[in-house]
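Work through the following exercises with the model in view, and try each task before you read its solution.

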Amino acid sequence: MTVSLDAVHQRIQLQKTVLPVMYGGVDFSATPERYTDDISVSSMAAYADKFAAPPADMVARVRAYTMLGDVTADAYAALMPKYGFKRLVSMLQTACDEGIGAVPDAPPELAALIAEMEVRPAWLDMDLVRKGAELNRLPMAVFAPWTIRGAFLATFMNKYTALPMALTGTLSNTTAAKRVNETATFFTVTTLPNALEPRGEGFKAAAMVRLMHSMVRFNVLRGMSKSWDKSVYGIPIPQVDQMPAGLIDVFLLAFKMVEQGRAEFTPEERARVEFSRYRCYLLGLPEDLLMDTPQGIIDIMNARSASIREGFDDATCGELVRATLAAYLPPDKSLGNRIHNSLERRVGRMVLVQSFLGGSVKAARDMGVEVGFLDYLVAGLVLPMIGVKMALYGVAAKVPGLREMADRRLVAKIHRLLKRYGHAEFTTNAEAYRPALPAGAAGQAG
């Protein structure tokens, strides 16, 4: 769906009109420091030579969406002073489980959020989405439990996008574990059969994530945190900042295809893409950011990376990385869980080094993360074993009779994983907005 840039800018300005309590103090004509149009100083600088410059229209679109929150979910979150955050969460959960009619005296803002999520975009093919969910069950059941901590670190590598996590208390090991497990829960539950249908668990999880992000925006923009400088950071968790987590899998797929000289998705690849696109749509991403071709996906993701000024400060980014790597993720301290946590943490260190630090152990040590022989050894043993297991499931998926059996095993494994990850609250409230940075760190972060 193509939306004119004029319409995008009108929607951005509308935030000030309909939600003055949140956006009344935001100057939408000003460009925050986080935004740059100079690729050489952006988060894409290190690999800019591998890609052609994104199209000018996409660059302009990303620049605009850098100042857009989530109008519908923000309006519901703005009811916190009236209802309290716990009641907002409860009403949203009931509406997702039983329908808006099951919520007594449901506020119109809640009805609007549910109605918006239930709209089926014109491009949607639910058969492809269901197939994509089935294909994604294997990596979420087998690969993700060992790598989700390391992948989560991607959100901490830039000070302009990491600060919301620091402000909500994720610098503590306990909260870091909660956020990692909630992230794992969201991406895992969405792969269950029919999870993205209305009343589905994935649909509800998407609604809860939208509310959580809007709660962060509400608390930050109404001044609960003195560390947030709108002239530096802009809008907390703008829509474009959800793209990496929601589209990284199809971005890597598209990049691989282009390297191979392919421009068309296979049927299975198309299913994976449509699953990711619809999941992002439920999270509130504008449709014109959800490209449907390999080159389009690459271009929009690179336009976003090239728009964010590079910046890493230890007080925010380093502390978040260290807290996440130190966190104990399992639900209890049984021997098996302690062993798994120890091994998985070592794999997480290697994901950090190989995926985000260009293979530099020195860069990890500069961040206070020690990487040694045992980390390489564990990763060298665990990752090939995961690869073999995934290959065996892949073979089973192509054999009539075995395919259904393999999928049932994966669904059962996902249910066990969800129990292990624990109940995901997907919430934040003003009580969490204590000074999250050490003395003087706000100045460093700016």
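**Exercise 1.** Find how the side chains of arginine 346 and aspartate 375 meet, and state which helices hold them.

*Solution.* The two side chains form a salt bridge at 3.1 Å, N to O, where a salt bridge is a side-chain nitrogen of Lys or Arg within 4 Å of a carboxyl oxygen of Asp or Glu. Helices are DSSP runs (H or I, at least four residues), numbered from the N terminus. Finally, compare accessibility, for which buried means under 20% relative accessible area, exposed over 50%, and partly exposed in between (1.4 Å probe, protein chains only). Arginine 346 is partly exposed at 22%, whereas aspartate 375 is buried at 2%.

Before going on, note that this is a predicted model, in which local features need pLDDT of at least 70 and side-chain atom pairs count only at pLDDT 80 or more, while totals for chains, interfaces and linings use all residues. Residues are numbered from 1 along each chain as its sequence is written, and side-chain values use heavy atoms, with hydrogens and water left out.

**Exercise 2.** Locate the salt bridge between aspartate 241 and arginine 34, and decide whether the partners are buried or exposed.

*Solution.* The closest N and O atoms of this pair are 2.9 Å apart. Aspartate 241 sits in the loop between helix 12 (230–233) and helix 13, and arginine 34 in the loop between helix 2 (20–23) and helix 3 (56–65), so the bridge ties together parts that are 207 residues apart in sequence. Both aspartate 241 and arginine 34 are buried. A search of the whole structure finds 27 salt bridges.

**Exercise 3.** Determine how many residues of helix 14 are buried, and which helices they pack against.

*Solution.* Begin with the extent of helix 14, which covers residues 267–282. Twelve of its 16 residues are buried, so helix 14 is largely enclosed by the rest of the structure; among them are Phe275, Tyr278 and Leu282. The buried residues pack against helices that include helix 7 (108–118), helix 8 (126–152) and helix 11 (201–221).

Now turn to arginine 210, which is placed in helix 11 and is buried, with a relative accessible area of 2%. Its side chain reaches the backbone oxygen of leucine 282 at 3.4 Å. Leaving aside neighbours within four places in sequence, arginine 210 is in contact (heavy atoms within 4.5 Å) with residues including Asp70, Glu116, Leu282 and Gly284.

Technical notes:
Helices (H or I, at least four residues) and strands (E, at least two) are DSSP runs, numbered from the N terminus. The expected span of a helix is 1.5 Å times one less than its number of residues. A polar contact is a pair of N or O atoms within 3.5 Å; within protein, one must be able to donate a hydrogen and the other to accept it, and residues adjacent in sequence count only if both atoms are side-chain atoms.
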